[in-house]
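Dear colleague,

I am passing on the structure below, and after it you will find notes on what turned up in it. Please read them with the model open beside you.

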Amino acid sequence: MTAVFGVPLPAILGQLMLGLVNGSFYALLSLGLAVIFGLLGVVNFAHGAFYMLGAFAAYIGLQFLGVNYWCALLLAPLAVGLLGIVIERLFLRHLYQLDPLYGLLLTFGIALIAEGIMRGLFGASGKSYPVPESLQGGFNLGFMVLPIYRAWAVFASLTVCGLTWFLIERTRLGAMLRAATENARLVQAFGINVPLMVMTTYGAGVALAALAGVLAAPVTQVSPLMGSSLVIVVFAVVVIGGMGSIIGAIVSGLVLGMIEGLTKVIYPEASNIVVFVIMAMVLIWRPTGLFGRE
Amino acid sequence: MMHKTMTGALGAFLSLYAWSQAAAAGDQIVIGDIDDLSGVYADVQGQGGVEAANMAIADLGGTILGKKVIVLSVDHQNKPDIGASKFREWADQNGLNMLLGGSNTGVSIAMAKVAVAKKVPFFAIGAGGASLTGADCTPYSIHYAYDTTALGNGTASAIVKQGGKTWFFVTADYAFGTQLQEAAARVVIANGGKVLGAVRAPLGTTDYSSFLLQAQASGAQVLGLANAGTDFSNSLKGANEFGITKTMKPAALLAFISDIHSLTLQTAQGLYLTTAWYWDLNDETRAFAKRFFAKMHREPTMTQAAYYSATLQYLKAVKTVGSTDPDLVMAELKKAKINDMFTKNGYIRADGLMVHTMYVMQVKTPAESKYPWDYYKVIKVMSGEEADGSQPDPACSLSKK
């Protein structure tokens, strides 16, 4: 049998496939972060908390309000996105003139509060969200059995990533957004409501995190800490891709997911640091990230 | 004149300070609790542990030897340095008389070193690592609720005897996980089984699918989960999703009832696990559980029950010897039998391990479960010696006497 690094080829293929699944979650989360940083200049440390809230919104919907998975895919990001808009209106917009550090501290505080509230309500060990009936079972790929749900998660997240990229890079609305980040006053002078645009962008970025949370709910335990364990990796992904670069976030999310997957077979103990090692190397060679602009 | 006033004020301040220190140390019996109150293990004891300790104090009337008993509590955030320095601070400044140690073997090993330096009796309850009464034992440590040896002897031997001969471990990559894996592997090999492989997953991993595929590729019959808390939940959930539970039998080397509750019976059914205590064992345990439930709105875990028992037994020993002197109290604790709702005829061995009955349980199917929290059926009752051996751990310096 063919082997790479002493690991049989089917195992490598299996791990690459799983890496792609995780990578698509990284891509979706880092996309939201990149959009918010690119257009608002805010380092949104609460991103993991919004991801967690998205998963909990789906859980609460299912348990108490009879909202099924498919509706939750739409409603949970909407609800959490609205919460994001409220936070932007009440707190965040007062900090745009200040050093980015203030935004980071504020969002970090929001993350801690959100985690604390959910821990108080649901406990630290979290809740189970069942895989929807229609997505149970798996495909036999020959080298592994891929659960249908994971395949769906990859498909859904890549579709959303593609749409977001198209919206920002290829439409008139995206062009206005990008122009507003270059020179907000000039764009405002053309009669475009910049504060409204900024607010909606933050809400949309938060909604992307919540969508990732709903997608993740059936595969991981829905727990208050699910976001904080992920958000640091996602930040590293954004830094590697280039802060604020949409395409960078998507591509590096997918690639790093796969590299992490391979590490889990070759040297499992290092699987939670490999992303950071790569980040350090990228920062040495290309301080602006792989897709970053000077 | 000015100078005199200053000296007088300073003197008054100093004597006041000395008096307040004496008050803290003299009029109260101070019990400390250092635990994970906010992280992955916060549901295992957490606030429920503090509540259980307070229930024991209330049952003894709130005062012992005319001194009010109080409980201090702090979050160690799973960091050994925080646990050890808080323990030292309480011992130096708050007149700490006894410490209850929550989750995390790494933190408990660090705190055991403080226990011996400050001569404060230390009840390790949430931590599982057997080295606490082995290489890391101290004259002031008591390992109270369970240890990795007992977990291995319970779950692993039950499964090997049912024909689960070949094992693959998914292990939490720190002191607790590795000790648990070693304990289970020893039992598997001693009973004629074989360990086909193991993978060490970092603490707090959320996606276990890679590790689970490796386990499946090994062709082993049993998937040994040497982890705890959300690590355990996420690995079991993944095993179900990838259909691995159809070909491999999962073994929970450490699962608390809080984990089973959050996983739901649908996912956890059929699982074997070992526990020191279960709320629905008998009338006494049910009575305790009922009181606990009224306050915490969930059934107590085995370690929350142990928090109650440890507090009760410590205070009874203080009452018997008529003092909080650590050496006298430790001698009394090691002499007396432990009888309460947590265990019957338990005793503390020379190395500090509390030897007591353990239960091998199987998680019920949703159809078997008749009322809320009706989760376990007893597969086997193990005597303390069966669970932990009849001799003290030779790695502990206290065992040689």
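The domain bounds used here come from an automatic or database domain assignment. Please also bear in mind that this is a predicted model.

For chain B, that assignment gives domain 1 (28-146 + 281-356) and domain 2 (149-275 + 358-388), and the C-alpha centres of domain 1 of chain B and domain 2 of chain B are 27 Å apart. Where these domains meet, 19 residues of domain 1 of chain B are in contact with 22 residues of domain 2 of chain B. On the domain 1 side, the largest share, three residues, is supplied by helix α4 (residues 105-118) of chain B, and that side comprises nine nonpolar, eight polar and two charged residues.

Chain B also holds an open sheet of six strands, ordered β2-β3-β1-β4-β5-β6 with mixed pairing, in which β2 (63-64) and β6 (141-143) of chain B are the edge strands, each pairing on one side only. Helix α2 (residues 46-59) of chain B packs on the sheet, where it touches β1 (28-35), β3 (67-75) and β4 of chain B, and its direction makes about 160 degrees with that of β1(B). Strands β4 (residues 96-101) and β5 (residues 122-124) of chain B pair in the parallel sense over three bridges, with L100(B) opposite F123(B) in β5(B).

As for the contact between the chains, 34 residues come from chain B and 32 residues from chain A. On the side of chain B that touches chain A, β8 (194-201), α7 (209-217), α8 (229-241) and α10 (257-263) of chain B each supply at least two residues, and the residues of that side divide into ten nonpolar, 17 polar and seven charged.

With best wishes

Technical notes: Residues are numbered from 1 along each chain as its sequence is written. Chains are lettered from A and ligands numbered from 1 in the order in which they are written. This is a predicted model: local features need pLDDT of at least 70, side-chain atom pairs count only at pLDDT 80 or more; totals for chains, interfaces and linings use all residues. Two residues are in contact if their C-beta atoms, placed from the backbone, lie within 7 Å. Helices (H or I, at least four residues) and strands (E, at least two) are DSSP runs, numbered from the N terminus. Ala, Val, Leu, Ile, Met, Phe, Trp, Tyr, Cys and Pro count as nonpolar, Asp, Glu, Lys and Arg as charged, and the others, Gly among them, as polar. Two strands pair if DSSP finds at least two bridges between them. Axes are lines fitted to C-alpha atoms, for helices over the stretch in contact, and angles run from 0 to 180 degrees between N-to-C directions.
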